[in-house]
Amino acid sequence: MPTAPPTPTTTTGRLTRLAVSKDSVGRWDDAAACRTTGSELFCSDEKDDHHLARRVCVPCPVLEVCLSRQMKTEKVLYRWHVVGGLTPEQRRALYGEMLL
């Protein structure tokens with residue numbers, strides 16, 4: 001059964017985000033801003049690349065879903081790459097705050 005694409009329904013700050021329903025899980029990344037950007041930008045160890053990658057993430061309509069799924073699935077000690085608009089260091093800090 002084909003799944004319907006997510007529809008814009010949620011506003012966070014100045015950005016409109018996509019509300020991802022149970023029916024669209026697994027298809028949320030079709031709406032990701034990075035889907036047409038080379039992965040080397042997000043996987044680089046260079047701070048300048050991190051900055052550029054985060055600029056791709058900021059307007060992304062599925063930013064919260066991306067970050068949430070990454071935080072739930074990645075191993076704490078093995079965090080690397082820019083994901084969900086955050087660097088590995090930022091995600092480590094966020095994970096630490098979530099444990100408090």
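H50 is buried, with a relative accessible area of 6%, where buried denotes under 20% relative accessible area, exposed over 50% and partly exposed the range in between (1.4 Å probe, protein chains only). The model is a predicted one, in which local features need pLDDT of at least 70 and side-chain atom pairs count only at pLDDT 80 or more, whereas totals for chains, interfaces and linings use all residues. Residues are numbered from 1 along each chain as its sequence is written, and side-chain values use heavy atoms, with hydrogens and water left out.

H50 is found in helix α2, helices (H or I, at least four residues) and strands (E, at least two) being DSSP runs numbered from the N terminus. When residues up to four places away in sequence are not counted, H50 touches S44, D45, V82, T87 and P88, contact being defined as heavy atoms within 4.5 Å.

The chain as a whole contains 4 helices and 2 strands, and from the N terminus on its elements follow the order β-β-α-α-α-α. Of the 100 residues in the chain, 31% are buried. Among the contacts with a separation of 6 or more, 43% are accounted for by residues 24 or more positions apart. The accessible surface of the chain comes to about 6900 Å², of which 58% belongs to carbon and sulfur atoms; these areas come from the Shrake-Rupley method with a 1.4 Å probe, and for residues only the protein chains shown count as cover.

Two packed helices are described by the angle between their axes and the distance between the axes. For α3 and α4, the axes come within 11 Å and cross at roughly 70°, which makes α3 roughly perpendicular to α4. Here axes are lines fitted to C-alpha atoms, for helices over the stretch in contact, and angles run from 0 to 180 degrees between N-to-C directions; those under 35 degrees count as roughly parallel, over 145 as roughly antiparallel, 65 to 115 as roughly perpendicular and the rest as oblique. In this contact, L67, Q70 and M71 of α3 meet R91, L94, Y95 and M98 of α4. By class, the contact of α3 with α4 has 5 nonpolar, 1 polar and 1 charged residues, with Ala, Val, Leu, Ile, Met, Phe, Trp, Tyr, Cys and Pro taken as nonpolar, Asp, Glu, Lys and Arg as charged, and the others, Gly among them, as polar.

Helix α3 is also the place of C66, which counts as buried at 19% relative accessibility. Leaving aside neighbours within four places in sequence, C66 is in contact with W28, V83 and G84. The C-alpha atoms of C66 and V83 are separated by 7.2 Å, although the two are 17 residues apart along the chain.

The structure holds 3 salt bridges, each a side-chain nitrogen of Lys or Arg within 4 Å of a carboxyl oxygen of Asp or Glu. In one of them, R91 meets E74 at 2.9 Å, N to O; the pair links distant parts of the chain, with R91 in helix α4 and E74 in the loop between α3 (63–73) and α4, 17 residues apart. Both R91 and E74 are buried.

Another salt bridge joins the side chains of E89 and K47 (4.0 Å, N to O). E89 lies in helix α4 (residues 88–99) and K47 in helix α2 (residues 47–57), so the pair ties together parts that are 42 residues apart in sequence. E89 is partly exposed at 40% relative accessibility, whereas K47 is exposed at 54%. A further salt bridge is formed by the side chains of D30 and R27 (2.4 Å, N to O), where D30 is partly exposed with a relative accessible area of 39% and R27 is partly exposed with 41%.
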